[in-house]
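Biologist: Could you take me through the reading of a two-chain model, feature by feature, giving the general idea before the particular case?

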Amino acid sequence: MPLLELKDVHTYYGNIHALKGVSFSVEEGEIVTLIGSNGAGKTTTLRTIQGLLKPRQGSIKLRGEELTRLASHEIVARGVSQSPEGRLIFPAMTVLENLELGAYQRKDRENIKKDIEYVFSLFPRLKERMYQRGGTLSGGEQQMLAIGRALMARPRVMLLDEPSMGLAPILVDQIFEIIKTLNQQGTTILLVEQNARLALRIANRGYVLETGEVVLTGSGAELLNNPAVKAAYLGEH
Amino acid sequence: MQQTLSNTGRFRINRKQLRWLLALPIIYIVLLLGQPAGLDLVRIVETIRSDPSIILQQLIIGLSNGAIIAIIALGYTLVYGIIELVNFAHGDVFMLGTFISLLALAPFIYLTPEGGQAAPWWAALLGFIPAMAICALINVAIERVAYRRLRNAPRIVALISAIGMSFILQNIGLQLASFGKLATVSPQLQWLSVLGTNNAAPKSFPTVLTNDNLLDLLFPPQAATTAEGEAEAEPDVQATMNAIIEATLAASVEESPAESVLAEETPAEEEAMPPGTEEATPEPMLEATPEVTTEGEAMAEAVEEQPAEVEGAIEEAQAEATMLTEEATEEPTPIEEAGDETMPADESEQAEEDAMADLIATVQAEQAVMEEELVPAEDVVAAGRIRITLKDVLVISVAVILMVALRWFVQNTRLGKAMRATAQNRDAARIMGIDIDRIIALTFAIGGALAGAAGMMTGIYNGTAVFTMGFTAGLRAFTAAVLGGIGNITGAALGGILIGILAAFSDQFFSVRWTNAWVFLILVVVLIFRPTGLLGQEVGEKA
């Protein structure tokens with residue numbers, strides 16, 4: 001049974017048909033990436049999985065359990081966490097408070113402290129800025145905080161929405177290194193990226209989204225070498 | 001989000017132009033209309049010169065009323081912070097809270113020897129519980145019924161829903177009073193008579209704490225030659241807890257007769273609010289004689305006039321065979337009466353004296369705290385005429401406790417953090433696994449509980465409940481919230497106290513009738529030059 005499975009998911013913004021029957025699956029321990037251009041429906045897919053948008057049709061299952069009828073806090077409780085598009089750091093709260101909120105659903109105080117230390121070991125910059133307000137962090141630091149915050153939920157599957165957006169290339173490489181490390185340590189990751197090359201390089205499998213539909217799928221390497229993908233997303237001819 | 005951003009952008013340009021356009025006519029209007037609105041500098045300066053202590057006195061009154069306004073303002077600011085809705089029904093929740101407080105006190109009402117109605121202080125403290133709990137429930141219900149479904153609708157829709165809710169609650173408040181008619185049905189329902197027979201008429205609270213001046217107790221005024229004798233005699237008078245409180249803080253020579261005068265004039269209201277003055281913000285309590293409250297009349301005059309009235313009162317009192325004759329001879333009577341009514345015969349005098357000593361000690365401690373907070377001790381002693389009552393102490397300390405507790409809750413608890421997270425970004429809060437419906441309901445519950453507490457505080461301090469009071473009080477509290485920076489808890493507290501003090505000074509130095517106008521004028525001026533309010537940075541961060 002796949003860890004996360006979407007079947008024929010249709011989501012609307014008002015009358016706009018944003019997802020037109022998206023189906024894909026994520027196996028335990030994988031990094032799966034959704035690539036596609038702006039407006040293809042990548043972020044919409046993640047928001048639908050998280051319960052922020054309700055699909056009109058289709059099913060989303062986590063280990064066989066239907067998520068579509070659950071509220072987002074119930075979905076978080078079942079092990080889905082997210083570093084959202086735009087990071088959505090709480091600007092008036094300290095780095096530490098942001099991390100604590102990531103563990104909002106958890107009651108095991110002792111482990112929460114350990115996990116905060118773990119996040120600090122991944123992102124030493126965050127430790128230096130522990131008592132600084134989230135709004136005062138740089139873009140890269142905010143991205144680190146968003147990923148760390150998502151980790152704090154101890155998710156079964158972590159959704160990462162455009163972690164490279166707006167970051168300097170060095171920082172992007174760092175962040176992707178850490179995503180790889182996290183995956184090696186056992187976190188299943190669903191990665192949404194516009195930077196298709198980077199994403200496909202670290203992904204086990206990838207899906208290509210175009211105007212709300214999955215048009216292509218394959219392993220990371222396959223897609224990297226696919227001529228259509230090369231032309232459309234990798235800037236090669 | 002996109003839309004709000006572009007909106008604020010457009011607004012900012014307009015505001016810059018508006019500042020100059022608005023500031024000039026306002027200054028002009030102030031100078032032109034200031035005179036009839038009480039801005040008569042010559043008279044004000046004269047008043048202050050004749051008794052500078054008025055300033056301190058009004059500061060105390062302003063602080064107390066401001067504390068109440070601040071507590072209501074917190075409800076506006078919390079709700080606005082979390083769902084960006086001005087909950088217009090909030091003032092009316094406060095009004096219902098005042099009625100609930102009145103009903104909570106009603107079963108404990110007894111008649112004082114002077115003929116007024118009173119209730120024991122512990123009943124008021126207990127009364128905070130139902131007032132806060134029921135108001136919390138009411139507010140949660142309002143959110144569930146009137147706002148939740150409109151959360152994603154255009155803001156104006158929810159706003160209109162809020163105004164509708166306000167009208168509904170006001171009418172509930174009006175109808176609530178008809179239960180007063182049940183008082184005649186059976187003796188068990190006698191306590192409902194506090195609601196009176198006329199629905200729309202203001203209902204008066206029983207006296208919970210006296211107007212006696214704590215300063216007279218601690219620093220006996222030089223004029224009162226019998227102060228020492230009183231202090232010795234008093235311990236015998238005290239019996240039950242409430243009797244102890246009331247009489248300890250006691251009855252300076254001037255006051256008891258004055259109160260009896262009032263008791264005759266308006267038997268139900270010991271405080272004797274002038275009937276014409278507006279409901280929500282009754283006259284500052286220090287004006288024990290309503291006639292002298294006419295605008296601009298100095299406190300000093302009011303106080304100096306009292307002796308004459310006292311004599312008159314004594315004569316009247318004698319004629320009516322009440323116990324008040326002269327201080328020296330009157331005291332035995334109350335002792336016996338109080339003893340008969342309230343004191344178990346076997347209670348030893350020694351125990352009472354101990355109790356008294358304890359009480360005086362606690363009062364002194366409280367006093368010390370107050371002095372630290374309010375004014376240097378020397379000033380108080382020197383001024384002599386300033387009055388700080390137990391009511392002031394109670395209202396201010398309850399407000400401080402509530403504010404500190406709220407701040408602690410919001411800053412440090414898990415739910416408090418969830419509240420802040422929801423206020424900052426609702427989607428991000430949901431991604432964290434926060435059940436935002438629950439958090440929003442919790443916010444309304446806290447706001448409602450605060451409104452309920454403010455209802456009881458108003459009952460104790462100002463002593464009236466009327467179904468329209470929510471509108472005025474709500475408007476002032478909303479003003480306070482905006483003044484401090486809406487969405488900001490500290491700002492609401494600060495704004496409330498500022499508005500309270502401003503209103504007190506306007507009542508004293510300008511004109512009672514124009515107080516609201518002055519309050520809103522200050523609001524307008526502040527908003528022109530600082531559109532986010534005094535402490536309103538947090539809202540900016542949100543956009």
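This is a predicted model: local features need pLDDT of at least 70, side-chain atom pairs count only at pLDDT 80 or more; totals for chains, interfaces and linings use all residues.

Biologist: What does the secondary structure of chain A come to, and what does that of chain B come to?

Modeller: Chain A comes to ten helices and ten strands, whereas the secondary structure of chain B is made up of 23 helices and four strands.

Biologist: How does the radius of gyration of chain A stand against that of a compact globule?

Modeller: For 237 residues a compact globule would have a radius of gyration near 18 Å, and chain A agrees with that because its value is 17 Å. Taken along the principal axes, the box filled by the C-alpha atoms of chain A is roughly 45 × 40 × 35 Å. Of the 237 residues in chain A, 57% are buried, and of its contacts with a separation of 6 or more, 67% are between residues 24 or more positions apart.

Biologist: What share of the residues in chain B is buried?

Modeller: Chain B has 543 residues, of which 52% are buried. Among the contacts in chain B between residues at least 6 apart in sequence, those joining residues at least 24 apart make up 77%.

Biologist: How much area do chain B and chain A bury between them?

Modeller: As a general idea, the size of an interface is often given as the accessible area that is lost when the parts come together. Here chain B and chain A bury about 2,100 Å² between them, with 56% of it on carbon and sulfur atoms. The contact draws 23 residues from chain A and 21 residues from chain B.

Biologist: How many residue pairs are in polar contact between the chains, and which helices of chain B supply the side that touches chain A?

Modeller: The count is nine residue pairs in polar contact between chain B and chain A, with both residues at pLDDT 80 or more. On the side of chain B that touches chain A, at least two residues each come from helix 17 (414–424), helix 18 (426–431) and helix 23 (538–542) of chain B. Helix 17 of chain B gives the most to that side, with seven residues. Sorted by class, the side of chain B that touches chain A holds nine nonpolar, eight charged and four polar residues.

Biologist: How many salt bridges cross the interface of chain B and chain A?

Modeller: Side chains of opposite charge can pair when their charged atoms come close. Across the interface of chain B and chain A there are three salt bridges by the rule, and one of the salt bridges in the model joins the side chains of B:Lys417 and A:Glu100, at 2.7 Å from N to O. Over all chains, a search of the whole structure finds 19 salt bridges.

Biologist: Which parts of chain A does the pair of A:Arg63 and A:Glu28 tie together?

Modeller: The side chains of A:Arg63 and A:Glu28 meet in a salt bridge of 3.0 Å, N to O. A:Arg63 lies in the loop between strand 4 (57–62) and strand 5 (65–66) of chain A, and A:Glu28 in the loop between strand 2 (16–26) and strand 3 (31–35), so the pair ties together parts that are 35 residues apart in sequence. A:Arg63 is partly exposed at 38% relative accessibility, and A:Glu28 is partly exposed at 48%.

Biologist: Where do B:Glu84 and B:Arg155 lie in chain B?

Modeller: B:Glu84 forms a salt bridge with B:Arg155, with the closest N and O atoms 3.3 Å apart. B:Glu84 lies in the loop between helix 3 (53–83) and helix 4 (90–105) of chain B and B:Arg155 lies in helix 6, so this pair ties together parts that are 71 residues apart in sequence. Elsewhere, in chain A, a network of salt bridges links A:Arg106, A:Asp108, A:Asp115 and A:Arg154.

Biologist: Is B:Ser166 buried or exposed?

Modeller: Buried means under 20% relative accessible area, and B:Ser166 counts as buried because its relative accessibility is 10%. B:Ser166 lies in helix 6 (residues 155–176) of chain B, and its side chain has a polar contact of 2.6 Å with that of B:Asp92.

Biologist: And is B:Thr515 buried or exposed?

Modeller: B:Thr515 is buried, with a relative accessible area of 0%, and is found in helix 22 (residues 515–529) of chain B. Leaving out residues up to four places away in sequence, B:Thr515 touches B:Arg476, B:Ala503, B:Ser506 and B:Asp507.

Note on methods. Residues are numbered from 1 along each chain as its sequence is written. Chains are lettered from A and ligands numbered from 1 in the order in which they are written. Side-chain values use heavy atoms; hydrogens and water are left out. Contact means heavy atoms within 4.5 Å. Buried area is the accessible area (1.4 Å probe) that two parts lose on being put together, summed over both. A salt bridge is a side-chain nitrogen of Lys or Arg within 4 Å of a carboxyl oxygen of Asp or Glu. A polar contact is a pair of N or O atoms within 3.5 Å; within protein, one must be able to donate a hydrogen and the other to accept it, and residues adjacent in sequence count only if both atoms are side-chain atoms. Ala, Val, Leu, Ile, Met, Phe, Trp, Tyr, Cys and Pro count as nonpolar, Asp, Glu, Lys and Arg as charged, and the others, Gly among them, as polar. The radius of gyration is taken over C-alpha atoms; the globule rule is 2.2 Å times the number of residues to the power 0.38. Buried means under 20% relative accessible area, exposed over 50%, partly exposed in between (1.4 Å probe, protein chains only).
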